[in-house]
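Colleague: I would like to learn how to read charges and salt bridges in a model. Can we go through one together?

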Amino acid sequence: MDRTIKLKLEMPDEGKENLRQTVVLFNQVFNEVAKYGFENHTYSKVSIHHATYYDIRERHPELNSSHVQGARDVACEALKGVKLKRLPQSIPFSAIRYNKNTIRIVFEHGYASVSSVNGRVKVCFTIPKYYEQYLGWEVRSSTLNYDSRNDLFYLHVTLRTESPKPSGNTVLGIDRGIVNVAVCSNNVFFNDSKVKNARAKYAYLRKELQSKGTKSAKRLLKKMSRKERRFVTDVNHCIAKDIVNMPFDVIALEDLTSIRVQKRKGKNFNRKLNNWSFYQLEQFIRYKAEALGKQVVSVDPRFSSQKCSKCGHTYKGNRDGSSYRCRSCGFQIHADLNAARNIAQAGISCLSRLSVNQPNVGMSAVQDTVQ
């Protein structure tokens, strides 16, 4: 189980300048290595190392060997990530990676020794109270971020500890949607009224500011975009927290990986689909569930909305908007709740294939209650 903490660094102006130079040079080396790998159609760390390492060390002796190797590794990973289809490029103040040879962090005393182009720089930080729970964990990696607008450095430290072992086998199905952010198979609904109202407000303000086109309007647009993003993130955090704290051991989610590449249904629907932060909600559910020793399984989303959760009959005409009525047995229910129950049943099947004892699905005792 990994967690990343963000620490604001404090240091003298001389130390800041040393780190700024280090960040710029690291990203310069990244671009040089990436260019070689792209032109030679390879992302092999070994071949790129032999071809570039000694030349870079000769031209940039102030950048120590660990930083050169770190820039090479990041460049190779970037080339592999884009499958060599384009040249990945890094801007001068992009975040840079530190390893155990280039940084020493002493949490108990609130300081770190950071390697730079002009020797080591001692930086200080204050650990927020919430992060104190992670201090006994193993340090895995560190990333140095520079906020050039505010002239501030931040250290992102990834820590790891052993995950709690999953126990129990009761399943909760979650149907994620645009109208209802999440609907649980135990009859709990999370709608998007807050997010919808906030997005509508920001869309109106965005339209007004874009029509002005002044410098101050553009600055306000940028600031407003960050506020909207933070608001949606907070809502997803709260929903994920409520879901994982429900008394179930396994959470079943639809695999929505290809949802955005499917056939679109008009401008308004496309806008809603593009604003739908389903993946962020899934990530929050996964890492919060892991901390509580709960499992998250992905199930096939096909027919989850058309299938009757009571008799199993599947027909496209069963659903009409938010209403679901089975043409076979007459069962009536809210369409999203029906889908959530089907997802829960699929979660049971998934666990069965993994040789887990047959679980109990998180459903209402009375299946035929009209919602």
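Modeller: Start with the charges. The protein chain carries 61 positive and 33 negative side chains, and the centres of the two sets lie 7 Å apart. Lys and Arg count as positive, Asp and Glu as negative; His and the chain ends are not counted. Each charge is placed at NZ of Lys, CZ of Arg, CG of Asp or CD of Glu.

Colleague: What should I keep in mind about the source?

Modeller: This is a predicted model: local features need pLDDT of at least 70, side-chain atom pairs count only at pLDDT 80 or more, and totals for chains, interfaces and linings use all residues. Residues are numbered from 1 along each chain as its sequence is written, and side-chain values use heavy atoms, leaving out hydrogens and water.

Colleague: How many salt bridges does a search of the whole structure find?

Modeller: A salt bridge is a side-chain nitrogen of Lys or Arg within 4 Å of a carboxyl oxygen of Asp or Glu. The search finds 13.

Colleague: Which residue forms a salt bridge with Asp151?

Modeller: Arg20, with the closest N and O atoms 2.7 Å apart. This pair links distant parts of the chain, 131 residues apart. Asp151 sits in the loop between strand 6 (138-147) and strand 7 (152-160), and Arg20 is in helix 1 (residues 13-39). Helices (H or I, at least four residues) and strands (E, at least two) are DSSP runs, numbered from the N terminus. There is also a network of salt bridges here, linking Lys16, Glu17, Arg20 and Asp151.

Colleague: Is Arg20 buried or exposed?

Modeller: Buried means under 20% relative accessible area, exposed over 50%, partly exposed in between (1.4 Å probe, protein chains only). Arg20 has 18% relative accessibility, so Arg20 counts as buried. Asp151, at 28%, is partly exposed.

Colleague: Where is the partner of Glu282 in the chain?

Modeller: Glu282 forms a salt bridge with Arg176, at 3.1 Å between the closest N and O atoms. Arg176 is in strand 8 (residues 171-176), while Glu282 belongs to helix 7 (residues 278-291), 106 residues apart. Glu282 is buried, at 10% relative accessibility. Arg176 is buried too, at 3%.

Colleague: What about Asp73 and Arg72?

Modeller: Their side chains meet in a salt bridge, 2.7 Å from N to O. Asp73 counts as buried at 18%, and Arg72 at 14%.

Colleague: And the chain as a whole?

Modeller: Its secondary structure comes to 8 helices and 15 strands. Of its 371 residues, 43% count as buried.
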